[in-house]
Amino acid sequence: MAQQEDHFKKVISHAKEYGYIFGSSEIYDGLSAVYDYGQNGAELKKNIRDYWWKSMVQMNENIVGLDASIFMHPTTWKASGHVEAFNDPLIDNKDSKKRYRADVLIEDYAEKINQKAEKEIAKAKKRFGESFDEAEFVSTNPRVLRYREEQDTILKRMARSLEAEDLADVKALIEELGIADPDTGSKNWTDVRQFNLMFGTKLGASAETATDLYLRPETAQGIFVNFLNVQKSGRMKIPFGIAQTGKAFRNEIVARQFIFRMREFEQMEMQFFVRPGEELKWYEHWKETRLNWHLSLGLGKENYRFHDHEKLAHYANAAADIEFNFPFGFKELEGIHSRTDFDLKAHEEHSGKKLQFFDPELNENYVPYVVETSIGLDRMFLAVFSQSLEEEELENGSTRTVLKLPAILAPVKAAILPLVKKDGLPEVARKIIDDLKWDFNVTYDEKDAVGRRYRRQDAAGTPFCITVDHDTLEDDSVTIRDRDTMEQKRVKISELNTILHDKIDFKNWMKS
Ligand code: ATP
């Protein structure tokens, strides 16, 4: 645990030191849970977005893109259920004046009980060694059974009370369990209240005529309201998808864990429209396809898992998260939801316009069902960045900090380094840059000894270093060094473009 926390701290400071992420308006002491992406962060974020877009839109004949506005007609959010039900239950501590999500306080408490059970299991595993039968132990050990039951009872009661909107019982549960303010230990709580997560704003010049608007809390609704526009103008046939990336805003009560939970963030969503009755087949298809997309980045299969939702949102008939092993444990990275015809039907009702598809094969009109894939770009950034950052022990006993970003996502693909700042080497290096920069984001670095420069590029995440030395002047060859293996190879300048394409090109990457 301490090791994990330590790694997380390193992630945050490394992101700042190497120009990936800064706190927002830092010169004014920042704005809580709002972040800015620096020179490298902007590139990494763009590369993740492009990788998603190419995989979803370019590679699928039946998926097209969209770029809808952040502002939408306010009725949109009545139809979607966000005005009524996009709430978190919050509770304040009267002594510390701190605000918490009541459900998160209870979930954290239940997780502690779970940890006790896990400890018992780990102890037994150690004691019994090879012959340990975990399933048997978990189903018979009285302590583990008690912990598990306790946890289950608490979570079930919470789910029941939240479902019934019995907020008094949520508070009663917090008091019965003796849950204290995690910061101060105080148990002096206010009542639990519902808090809507949408940011409101106004459109119009004068106070009397202004319309109340919301900043969109998800990009999905922009897709639903344009369903027919895209279907008709693109002559799309079901099944087909509409994909979109863009900002979303949520007034999160407790925004923490760096860019994991922000108030302004970016989503990458795709809504796939299918025949009613075929949605669960497509749901399975997209679960598998999206997991494979993650695995294609090579961050380690063991760092992903599915979490199927037991309690489904009112609009869904199946839902799962792809969870990632973040520095603070497994947490939701992407959601795959079978949303039925809920959204399109709701927009039909509120707008009075038909949102239906005429299926020529069935010779009938229907409101399509929808399977959605929804991922947070910033969360994806954190997953990639935190998993790539390593302190590596080298054979000679020293250590190096290396950011092993997947080469296809790395902000800068290669650094061109003249061995010394004279003898015409910088000029050759500049010429190489002038040639490569048409295809790749490359950089020039001549300061310090070349070993120091290698370390600097390792830490910044640059996958290749290309060094120009005195032999280059004779044989038109340079040394190319691989960030991860630290292997160096002598190659012709004329081969550089092909070498980089082989390693970084979308097609070659996907094929390998
Ligand atoms: P959580 O349970 O973590 O609040 P959610 O289930 O509300 O997330 P969705 O509404 O399904 O999230 O949104 C889809 C995706 O958008 C999430 O999987 C996540 O990657 C991202 N996301 C949601 N809220 C935030 C946020 N506040 N900051 C950053 N990313 C977010």
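1. Isoleucine 433 is buried, since its relative accessible area is 10% and buried denotes under 20%, exposed over 50% and partly exposed the range in between, with a 1.4 Å probe and protein chains only. Isoleucine 433 belongs to helix α14, residues 425–436. Its contacts, leaving aside neighbours within four places in sequence, are Ile416, Val442, Thr443 and Tyr444, where contact requires heavy atoms within 4.5 Å. The C-alpha atom of tyrosine 444, 11 residues apart from isoleucine 433 along the chain, is separated from that of isoleucine 433 by 7.6 Å.

2. The model is predicted: local features need pLDDT of at least 70 and side-chain atom pairs count only at pLDDT 80 or more, whereas totals for chains, interfaces and linings use all residues. Residues are numbered from 1 along each chain as its sequence is written, and side-chain values use heavy atoms, with hydrogens and water left out.

3. On the overall fold, the chain contains 18 helices and 23 strands; these are DSSP runs numbered from the N terminus, helices being H or I of at least four residues and strands E of at least two. The C-alpha trace spans about 80 × 65 × 55 Å along its principal axes. Of the 512 residues in the chain, 49% are buried. Among contacts between residues at least 6 apart in sequence, 65% join residues at least 24 apart.

4. The chain is divided into domain 1 (2–86 + 197–386), domain 2 (90–192) and domain 3 (412–511), with bounds taken from an automatic or database domain assignment. Between the C-alpha centres of domain 1 and domain 2 the distance is 29 Å. Six residues of domain 1 contact seven residues of domain 2. The two domains bury about 490 Å² between them, 66% of it on carbon and sulfur atoms; buried area is the accessible area (1.4 Å probe) that two parts lose on being put together, summed over both. On the domain 1 side, Ile253, Val254 and Lys311 lose the most area to domain 2, together 78% of what that side buries.

5. Aspartate 88 lies in strand β4, residues 87–92. With a relative accessibility of 8%, aspartate 88 is classed as buried. Beyond neighbours within four places in sequence, aspartate 88 contacts Arg101, Arg193, Gln194, Phe195, Leu197, Glu252 and Ile253.

6. Threonine 245 counts as buried because its relative accessibility is 16%. Arginine 49 is 196 residues apart from threonine 245 along the chain, yet their C-alpha atoms are separated by 7.7 Å. Not counting residues up to four places away in sequence, threonine 245 touches Arg49, Trp52, Trp53, Glu266, Gln267 and Met268.

7. The second largest pocket has 16 lining residues, of which Asn47, Lys54, Ile408, Lys413 and Ile504 lie nearest its centre. On a 1 Å grid over the protein atoms alone, a pocket is an open set of points with protein on both sides within 12 Å along at least five of seven lines, and lining residues have an atom within 4 Å of a point. The lining draws at least three residues from each of domain 1 and domain 3. Helix α2 (39–58) and helix α17 (496–504) each supply at least two residues, and α2 gives the largest share, six residues.

Terms used: On a 1 Å grid over the protein atoms alone, a cavity is a set of points where a 1.4 Å probe fits but cannot get out, and a pocket is an open set with protein on both sides within 12 Å along at least five of seven lines; lining residues have an atom within 4 Å of a point.
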